Amino acid sequence: SPKPRLTTTSAFRRIIRTCVTMTVLTVSTSKENFKGAVLCVTGMGLFIATDTLSKVAVTVLGMPLLQMLALRGVGMVVVHSLVSLKLGYDRTAISISSRDSVILVARVLLEVLSSWCFNLALMHLPMSQAIAVVQALPLAVMLGAALLGEPIGLTGWLLSLLGFVGVLVIIRPSADGVSPWS
């Protein structure tokens, strides 16, 4: 029998229900925690590596910025397609409403714009300062969530600020390196 088609809302509810159930039923072992930490550190390292390679491609090799972004985008599509194939993603199982399609297209366009702006600034900034600016994004996301009515407790704000201060201590961006590009 064919699979029932899910709307975006019902699919979202099903994902949330599954995550909550998995959270309640799953007890993490230290091995799983270590594996998660290694995946997070590896992911952040790969982000820094791609940003560094992007900066080298544009500033040292003279590749045009938009060409580098297109190449990077093609690479992401290939990687995400391979992951989707490996996980057995079935695109017919979820339908997206026309309203959600408009929101999705707007999000993609804003992601392209932010990537272009970041890489443009990356050409003119030291890596440490560019990474410090990027690490401030969780604060911007929390601020946006708060403006949209999401409750964020004092503990959440304090922990986020503490994490940001920690990033600044590690990266140590200098005051003489501050420029309009940041």
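The axes of helices α2 and α3 come within 9 Å of each other and cross at roughly 145 degrees. The axes here are lines fitted to C-alpha atoms, for helices over the stretch in contact, and angles run from 0 to 180 degrees between N-to-C directions. This crossing of α2 and α3 is right-handed; a crossing is called left-handed if the near helix is turned anticlockwise from the far one by less than a right angle, and right-handed if clockwise. On the α2 side, the contact is made by Thr-50, Asp-51, Ser-54, Ala-57 and Val-58, and on the α3 side by Leu-65, Met-68 and Arg-72. Contact means heavy atoms within 4.5 Å.

A word on what you're looking at: this is a predicted model, where local features need pLDDT of at least 70, side-chain atom pairs count only at pLDDT 80 or more, and totals for chains, interfaces and linings use all residues. Residues are numbered from 1 along each chain as its sequence is written, and side-chain values use heavy atoms, with hydrogens and water left out.

Let's stay with α2 for a moment. Asp-51 sits in this helix and is buried, because its relative accessible area is 11% (buried means under 20%, exposed over 50%, partly exposed in between, with a 1.4 Å probe and protein chains only). Setting aside residues up to four places away in sequence, Asp-51 touches Arg-72, Phe-118, Leu-122 and Met-127. Ser-54 is also placed in helix α2, and with a relative accessible area of 6% it counts as buried. Beyond its neighbours within four places in sequence, Ser-54 is in contact with Met-68, Arg-72 and Asn-119. What about Leu-53, buried or exposed? Leu-53 lies in helix α2, but it counts as exposed, at 59% relative accessibility. From C-alpha to C-alpha, Leu-53 and Met-68 are 9.8 Å apart in space, and 15 residues apart in sequence.

Now for the charged pairs. How many salt bridges are there? The count comes to 2, taking a salt bridge as a side-chain nitrogen of Lys or Arg within 4 Å of a carboxyl oxygen of Asp or Glu.

| Salt bridge | N to O distance |
|---|---|
| Arg-72 and Asp-51 | 3.0 Å |
| Arg-99 and Asp-100 | 3.3 Å |

In the pair at 3.0 Å, distant parts of the chain are linked: Arg-72 is in helix α3 and Asp-51 in helix α2 (residues 30-60), 21 residues apart. Both Arg-72 and Asp-51 are buried. Arg-99, on the other hand, is exposed, with a relative accessible area of 58%.

Ile-96 is partly exposed, with 48% relative accessible area.

Finally, the whole chain. It has 7 helices and 0 strands, where helices (H or I, at least four residues) and strands (E, at least two) are DSSP runs, numbered from the N terminus. Of its 182 residues, 13% count as buried. Among contacts with a separation of 6 or more, 72% are between residues 24 or more positions apart. The accessible surface comes to about 14,000 Å², and 73% of that belongs to carbon and sulfur atoms; areas come from the Shrake-Rupley method with a 1.4 Å probe, and for residues only the protein chains shown count as cover.
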